[in-house]
Amino acid sequence: MAQAGQIPTVYNPAEVEHKWYRVWQERGYFTPRLDAGRPPFSMVIPPPNVTGSLHLGHALNNTLQDILARWKRMQGYDTLWLPGTDHAGIATQARVEETLAQEGLTRHDLGRERFLERVWEWKRLYGDKIISQLKMLGCSCDWTRERFTMDEGCSAAVREVFVRLYHKGLIYRGDYIINWCPKCHTTISDIEVDHEETTGSLWHIRYPVEGSAESIVVATTRPETMLGDTGVAVHPDDERYRHLVGRWAVLPILGRRIPIFADEYVDRDFGTGAVKVTPAHDPNDFEMGERHGLERVQVIGDDACMTEAAGPYRGMDRYQCRERLVRDLQEQGYLVSVEEHQYALGRCYRCETVIEPLISKQWFVRMKPLAEPAIQVVVDGRTRFVPARFARVYLNWMENIRDWCISRQLWWGHRIPVWYCQDCGQEVCVSADPDACPHCGGSELVQDPDVLDTWFSSALWPFSTMGWPESTPDLQRFYPTSVLVTGRDIIFFWVARMIFSGLEFMHEVPFRDVLIHGLILDALGRKMSKSLGNGIDPLDVIEKYGADTLRFSLITGSTPGNDIRFHWDKVENTRNFANKVWNAARFVMLNLEGFEPGPLPVGELELADRWILSRLQAKITETTSLLEAYDLGEAARTVYDFVWDEFCDWYIELAKGRLYDRQQPARRAVAQAVLHHVLLDLLRLLHPFMPFVTEEIYQHLPGVGESVMVDPWPQARPELVWPAEVEAMQEVIGVIRALRTLRSEFGIAPGSQIAAVVYAHQARGLAALEAGREYVGRLAGLAELVLTGQAPDLPEHALSAHLGEVEVFVPLAGVIDREKQVERLVRDRQRTEAELAKVAAKLQSEAFLAKAPAEVVAKERARQEELRAKWEGISRRLQMLSGK
């Protein structure tokens with residue numbers, strides 16, 4: 001271990017972080033001991049996409065997890081943080097197809113088998129990128145247990161789950177309206193559709209009623225789908241159309257006869273109260289079509305172009321068709337009117353292409369039977385959301401859940417384990433690839449070409465990664481996991497599906513707690529995106545400032561469930577904090593000459609020692625309580641405030657007198673012992689948040705173990721708490737602050753020695769100040785200090801500060817030129833009054849208030865308050881100096 005005097009002057013994260021991460025890994029600190037004498041604590045990482053690079057969302061999510069993992073290890077828990085990556089079906093296939101396109105090839109040119117070989121090759125080359133980046137962040141995952149959603153074990157679990165659900169009747173295949181992405185060429189689930197508010201048009205179109213001069217007018221936002229209309233619906237109680245129910249309308253342009261019928265789904269107040277019904281291109285129309293036996297006519301294909309059924313518009317892109325059709329409707333007298341309309345436009349969450357509702361034969365999970373127990377465990381509190389408000393979000397979705405479409409028209413992913421017998425036409429669903437049909441013995445079996453939704457395998461992550469369906473030691477010890485840390489944006493995608501999967505196959509919830517964090521926004525409160533150009537690469541932050549700075553800047557100020565704004569100022573401030581910790585530790589170590597580690601000399605402690613030790617116990621208790629409540633941001637702030645405000649700014653300064661006094665070695669040794677003790681506990685408290693700098697400092701300290709990472713978490717010691725001394729020290733600090741403020745406000749040179757009189761109204765306060773006389777004199781720069789319990793006789797001119805039951809006075813004679821100070825303050829007050837008048841005039845202007853943006857008005861009001869406070873401060877100082 002390095003000697004104290006060898007600690008570098010400046011902390012260099014680049015030299016330290018890789019070194020200590022390698023040491024931690026080599027020593028096996030990240031791997032649980034499977035020690036039955038220790039309570040288990042476990043988490044599974046939300047698996048990042050194998051295509052991904054670390055972004056700020058990953059950095060926040062994994063910093064939160066790492067804080068919990070490191071803290072629990074130090075508390076003595078047998079801790080497993082299980083890592084891995086997701087195969088990310090659509091994203092990975094798209095990435096490889098882009099590579100092929102550069103070679104002038106498509107996946108169809110290669111065929112399925114060769115294409116999958118290319119994807120696995122791509123995964124081997126690039127798939128570990130994000131893992132190495134997580135290590136740079138300091139993530140203490142057990143990498144010996146790293147998993148991949150398409151590794152052999154996870155794939156076997158996926159097949160087993162599918163087969164069991166299939167034979168239980170909870171997986172079925174059927175025609176249904178699905179969300180089709182024309183660019184990704186696959187189905188996507190309802191929650192993978194991003195809906196954005198859009199200003200579009202609402203076209204009113206006249207449909208003639210057969211055998212009469214009447215017409216019925218319908219309103220639509222998608223006129224091109226009218227080519228697939230097979231009915232017109234009205235509400236059964238709508239008097240306007242009751243006489244038309246049971247008759248036929250004629251579809252404009254194509255001339256097809258379509259029935260007019262009544263259905264309670266129709267909203268009488270939307271548009272004209274009559275709606276066109278296109279069962280092949282709208283989920284609600286599909287349901288109406290099922291109820292009324294309507295034909296399904298598909299006029300838009302998988303490529304978003306019009307089909308043969310679109311008649312004269314066949315082959316056109318859907319938007320080209322819209323433009324041409326609207327023109328034709330107008331020319332032929334069918335277009336009644338067009339109005340502006342706000343509506344939600346669905347886009348693919350991957351590529352932002354407008355999705356197309358199409359009828360398709362797909363595989364579904366029947367959700368109601370699975371959702372009911374998953375609702376109950378949250379209602380009963382067996383799984384708890386933090387913050388609790390997200391339980392309501394979860395329950396609302398689960399109570400209104402639709403069947404889950406799990407098939408995807410991709411090649412990369414878990415292929416659906418269903419084969420179709422070409423001899424007898426039966427379906428075969430088994431875990432292992434079959435050689436023959438179990439129904440007829442035939443060998444002509446063709447496997448379903450589709451793969452499973454990526455979230456199907458992710459839903460099994462808490463137990464598939466621990467060896468299910470086998471009953472492994474890991475499952476027995478670490479399932480259910482202790483907590484899941486995840487973003488609020490995937491409660492539906494992932495959290496809900498893990499809960500019902502865990503209950504179905506493990507008969508137990510997958511995690512006890514769900515800690516929800518918000519999104520990271522830019523400084524203006526906007527989501528980070530390529531289009532805005534406001535993204536921040538966390539690796540750039542790590543390279544410039546170090547991982548500890550990135551971690552701590554993300555965590556401080558964060559609260560569960562709420563979004564966080566990223567500010568570079570905060571990163572700079574955190575870097576300054578890391579340097580503050582380093583410099584404080586360096587000061588301590590450079591002043592430990594002759595120090596021998598051992599028990600604290602409790603009987604020899606002075607006022608400042610008892611104060612800092614008492615405050616340390618309070619902060620240990622507070623930090624631990626905040627961590628237990630998952631308020632990690634507030635826990636970090638608590639440690640920050642103690643390190644900066646109490647240890648660095650006060651105790652180190654208070655201890656310097658004894659450290660530099662070689663004439664009193666016993667007092668010096670006590671200060672050394674307290675500094676060493678407090679610094680060591682601070683490193684332990686800070687380690688989960690800033691692991692690298694704390695380890696580097698720890699290794700330079702005398703009398704420590706092999707690593708701060710495996711040191712015990714500090715526990716508050718009641719015998720090191722002295723409430724009376726804490727109160728006394730607060731009196732002393734208050735007086736020092738008051739004297740420093742008077743020096744600053746009245747321009748008294750920092751190096752000049754002044755006299756002060758402190759009047760304590762109560763005996764208790766006087767005793768406290770007597771105990772801290774040395775601290776006040778030295779830290780306030782006093783040549784003379786008078787402490788009194790009687791109202792003092794003061795010279796005509798003296799500065800003063802009132803601190804409740806304590807008053808502080810500084811006689812002015814020989815300290816400042818009073819007349820010059822008065823002149824300066826008068827000028828300052830006049831300037832401030834002039835600025836105040838300008839701001840007041842602006843805020844009284846009706847034109848300004850009407851035209852200026854709200855933030856500009858708010859800024860002016862804040863400026864007004866700031867100037868008022870400044871004016872009051874100047875006036876107070878003038879009153880002291882001149883009585884004016």
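What average pLDDT does the chain reach, and what share of the residues score at least 70?

**Figure 1. Confidence along the predicted chain.** The model is predicted. Its pLDDT averages 92 over the chain, and 98% of the residues score at least 70. Residues 1-5 stay under 50 in pLDDT. For residues 1-5 the model has 10 contacts beyond four places in sequence.

**Figure 2. Overall dimensions and secondary structure.** The chain contains 28 helices and 29 strands. Its radius of gyration is 36 Å, well over the 29 Å that the globule rule gives for 884 residues, so the chain is more spread out than a compact globule. Along the principal axes, the C-alpha atoms fill a box of roughly 110 × 70 × 55 Å.

Figure 3. Of the 884 residues in the chain, 54% are buried. Among contacts with a separation of 6 or more, 77% join residues 24 or more positions apart. The accessible surface comes to about 38700 Å², and carbon and sulfur atoms account for 49% of that surface.

**Figure 4. Charged side chains.** The chain carries 100 positive and 123 negative side chains. The centres of the two sets lie 4 Å apart.

Figure 5. Ala791 sits in the loop between β27 (782-788) and β28 (798-803). Is Ala791 buried or exposed? The relative accessible area of Ala791 is 57%, which is over the 50% cut-off, so Ala791 counts as exposed. Ala760 lies 31 residues from Ala791 along the chain, and the C-alpha atoms of the two residues are separated by 8.6 Å.

How values were computed:
Residues numbered from 1 in each chain as written. Predicted model: local features only at pLDDT ≥ 70, side-chain atom pairs only at ≥ 80, totals over all residues. Heavy atoms only, no water. Helix = DSSP H or I, 4+ residues; strand = E, 2+ residues; numbered from the N terminus. Rg over C-alpha atoms; globule rule 2.2 N^0.38 Å. Buried < 20%, exposed > 50% of the residue type's maximum accessible area, 1.4 Å probe, protein only. Contact = heavy atoms within 4.5 Å. Areas by Shrake-Rupley, 256 points an atom, 1.4 Å probe, with all protein chains shown as cover. Lys, Arg positive; Asp, Glu negative; His and termini not counted. Charge placed at Lys NZ, Arg CZ, Asp CG, Glu CD. pLDDT = per-residue confidence, 0-100.
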